[in-house]
Amino acid sequence: MTDDRPRPHADTAGGVLAVDIGGTKLALRAVAAGTTVHERTVPWPAGDDAEADSELLEACVAEAIAALPGAPVRIGVAAAPNVGADATVLSWPNRPTWVGRSLSAPFTGSGAEVLFGDDATLAALAEAVSTAGRDLAYLGIGTGVGGGLVSGGRLLTGAWGTAGELGHLVTDPRGPRCRCGTRGCLQAVVSAEALAAHATAARGLPTSSAELVAGVERAEPWAERTLDHAADSIAGALRVLAELVQPAQIRIGGGLGAALAPLPGRVARRLAATARPGRPLPEVGPAVHGPHSSLAGAALLAARGPHVLNGADLFHEGSPP
Ligand SMILES: [Zn+2]
């Protein structure tokens with residue numbers, strides 16, 4: 001593994017701030033000279049009130065900046081919502097009152113350059129850099145299901161910069177309807193909410209995703225059935241992905257994905273069962289950053305700058321810092 005700690009250099013001498021704006025929580029990490037000096041995770045306030053969220057975000061950013069030795073020049077933000085070029089929130093199913101608001105407004109007081117990236121895309125970057133993985137796919141399973149692809153040492157951006165949305169690969173055309181409107185997207189089948197619903201049916205009792213994790217740890221038969229269902233659907237999506245981009249490794253993370261320890265192994269077994277002769281299989285393993293890959297990616301974005309999102313070679317010595 002390589003060291004992915006932000007490298008201190010002239011323009012980040014005061015340290016960097018990483019923020020992960022998730023569907024249910026906000027996470028912040030302040031890093032100075034390669035050392036984390038502040039880390040905090042806060043759930044969003046109950047209800048959907050963008051004004052209250054914005055005030056909380058602004059206060060948490062000020063608190064994190066106060067822990068740094070100097071003013072951060074750049075802040076990296078991993079965002080669950082779909083954010084436009086001017087940082088306006090275009091869609092956010094979890095917190096719809098944010099739509100049309102600026103996600104950069106709560107950062108204005110920082111005086112720093114604020115860089116936004118898709119949370120799963122940044123997670124893929126962090127996983128690739130930390131594993132020296134030039135060909136890597138990341139799958140994040142939590143409130144939503146996201147993905148990111150690094151191919152040949154570069155982020156695969158696609159024509160509109162958002163390639164690698166594994167959550168919207170259709171794995172079951174007759175499956176449940178996704179929030180995007182399509183039926184049977186991977187997200188509609190294996191998000192935390194969808195797996196809790198599956199576990200509820202398998203167990204015959206209302207079951208949360210946290211109870212599913214506990215059930216998996218105890219190897220309860222109902223939890224095993226839900227885990228197998230998740231592994232089947234994920235393997236179906238990854239089989240297509242492996243043919244298209246041939247990742248050497250697939251890392252499974254996100255809040256729920258990282259908590260389901262047996263999941264990567266089960267997915268790997270299903271992929272192996274349908275391997276084509278003479279074709280190597282990707283290694284399927286847990287995210288090395290556990291549930292914090294997006295936050296680690298946001299720190300990387302703050303330390304290295306926007307070129308990491310624009311398809312630059314992540315491992316080239318001469319690339320901008
Ligand atoms: Zn979808």
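Helices α2 and α9 are roughly perpendicular to each other (65 to 115 degrees; under 35 is roughly parallel, over 145 roughly antiparallel, the rest oblique). The model is predicted: local features need pLDDT of at least 70, side-chain atom pairs count only at pLDDT 80 or more, and totals for chains, interfaces and linings use all residues. Residues are numbered from 1 along each chain as its sequence is written, and side-chain values use heavy atoms, leaving out hydrogens and water.

**Exercise 1.** Find the crossing angle of α2 and α9, and how close their axes come.

*Solution.* 
1. Locate the helices: α2 spans residues 119-131 and α9 spans 293-304. Helices (H or I, at least four residues) and strands (E, at least two) are DSSP runs, numbered from the N terminus.
2. The axes come within 7 Å and cross at roughly 80°.
3. List contacts (heavy atoms within 4.5 Å). On α2 they include L122, L125 and V129; on α9, A296, L300 and R304 are among them.

**Exercise 2.** Identify the donors of the zinc ion and classify the site's geometry.

*Solution.* 
1. Collect donors: N, O and S atoms within 2.8 Å of the metal (3.2 Å for Na, K and Ca); water is not among the atoms, so sites may look incomplete.
2. Four atoms qualify, at 2.0 to 2.4 Å: H168 ND1, C178 SG, C180 SG and C185 SG.
3. Check the angles. They run from 103 to 118°, so the site is tetrahedral (four donors, all angles between 85 and 135 degrees).
4. Read the spacing along the chain: H-x9-C-x1-C-x4-C.
5. H168 and C180 both sit in the loop between β10 (154-155) and α3 (186-190), so the pair ties together parts 12 residues apart in sequence.
6. Check accessibility. H168 is partly exposed at 33% relative accessible area, and C180 is partly exposed at 45%. Buried means under 20%, exposed over 50%, partly exposed in between (1.4 Å probe, protein chains only).

**Exercise 3.** Is I252 buried or exposed, and which residues does I252 contact?

*Solution.* 
1. Skip neighbours within four places in sequence. The contacts of I252 then include L139, I141, L263, V267 and V284.
2. Take V284: 32 residues away in sequence, its C-alpha lies 7.6 Å from that of I252.
3. Compare I234, which touches L139, I141, L186, V190, L263 and V267, not counting residues up to four places away in sequence.

Technical notes: Four donors count as tetrahedral if all angles lie between 85 and 135 degrees; four count as square planar and six as octahedral if opposite donors are over 155 degrees apart and all others between 65 and 115; anything else is irregular. Axes are lines fitted to C-alpha atoms, for helices over the stretch in contact, and angles run from 0 to 180 degrees between N-to-C directions.
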